[in-house]
Amino acid sequence: MKCPFCNHVDTQVVDSRTSDDGDAIRRRRQCGSCSKRFTTYERAELFFPAIVKKDGSRVEFSREKLRGSLMLALRKRPVPAEAIDNAVASIEEKLLINATREVDTKFLGELVMQQLKQLDPVAYIRFASVYKSFDDLQRFSEEIAKLLIKPAEQAELKPTSKPRAVKKAS
């Protein structure tokens, strides 16, 4: 490791420990020439796959763009920021586990739709309406119908006893 003060290449590790968040190793070093101390951090370098767009062009994966897409679909919906961060992390994890150099936008879009379906059905429909480019109302209604509870299941959810009537105070 080169000293940032005098550019001498001989440095010693004085102290080594994991960082507070646990995703890096923090090392205190001391220069053998000027004796000044400095800190370095070692982190795993993760490579996300390139995203292949419909026109064949390739772009780098962007966490910010992914989060922006989710935020747009979830605009004015009661979903906490932590849930959105967890959804982004889940999508990133699936991209890393996939272990390919490239993924197409269709694959990424399906991952986003899976997360939105779990987070908020309205946001899912918003995203699906743009992503799947519904050309007619029939396809749009079919997608909504997939989210709705079937009438037989709805009957099972209804309470078996009738609610009691509340007497008005006289």
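Modeller: Happy to! Let's begin at Cys6, whose sulfur has its closest cysteine sulfur in Cys31, 3.5 Å away, which is too far for a bond. Please keep in mind as we go that this is a predicted model. The cut-off that matters here is 2.5 Å between the two sulfur atoms. A disulfide, after all, is a covalent bond between the sulfur atoms of two cysteines. By this rule, the count of disulfides comes to 0.

Cys3 has a relative accessibility of 0%, so it counts as buried. Cys6 has a relative accessible area of 35% and is therefore partly exposed.

Now for the wider picture. The protein chain has 6 helices and 6 strands. Following the sequence, the pattern reads β-β-β-β-β-α-α-β-α-α-α-α. Of the 170 residues in the protein chain, 25% are buried. Among contacts with a separation of 6 or more, 39% join residues 24 or more positions apart.

Gln115 belongs to helix α3, which covers residues 105–119. Leaving aside residues up to four places away in sequence, Gln115 touches Ala87, Ser90, Ile91 and Lys94.

From there we can move on to a pair of helices. Two packed helices are described by the angle between their axes and the distance between the axes. For helix α4 (residues 121–131) and helix α5 (residues 137–147), the axes come within 11 Å and cross at roughly 155°. Because of that angle, α4 is roughly antiparallel to α5. The crossing in which α4 passes α5 is right-handed. On the α4 side, the residues that meet α5 are Pro121, Tyr124, Ile125, Ala128 and Ser129. Their partners in α5 are Phe140, Glu143, Ile144 and Leu147. Sorted by class, this contact of α4 with α5 has 7 nonpolar, 1 polar and 1 charged residues.

To come back to your cysteines: Cys3 is buried, Cys6 is partly exposed, and the disulfide count is 0.

Technical notes: Residues numbered from 1 in each chain as written. Predicted model: local features only at pLDDT ≥ 70, side-chain atom pairs only at ≥ 80, totals over all residues. Heavy atoms only, no water. Axes fitted to C-alpha atoms, helices over the stretch in contact; angles between N-to-C directions. Helix = DSSP H or I, 4+ residues; strand = E, 2+ residues; numbered from the N terminus. Parallel < 35°, antiparallel > 145°, perpendicular 65-115°, else oblique. Left-handed = near helix turned anticlockwise from the far one by under 90°. Contact = heavy atoms within 4.5 Å. Nonpolar A, V, L, I, M, F, W, Y, C, P; charged D, E, K, R; others polar. Buried < 20%, exposed > 50% of the residue type's maximum accessible area, 1.4 Å probe, protein only.
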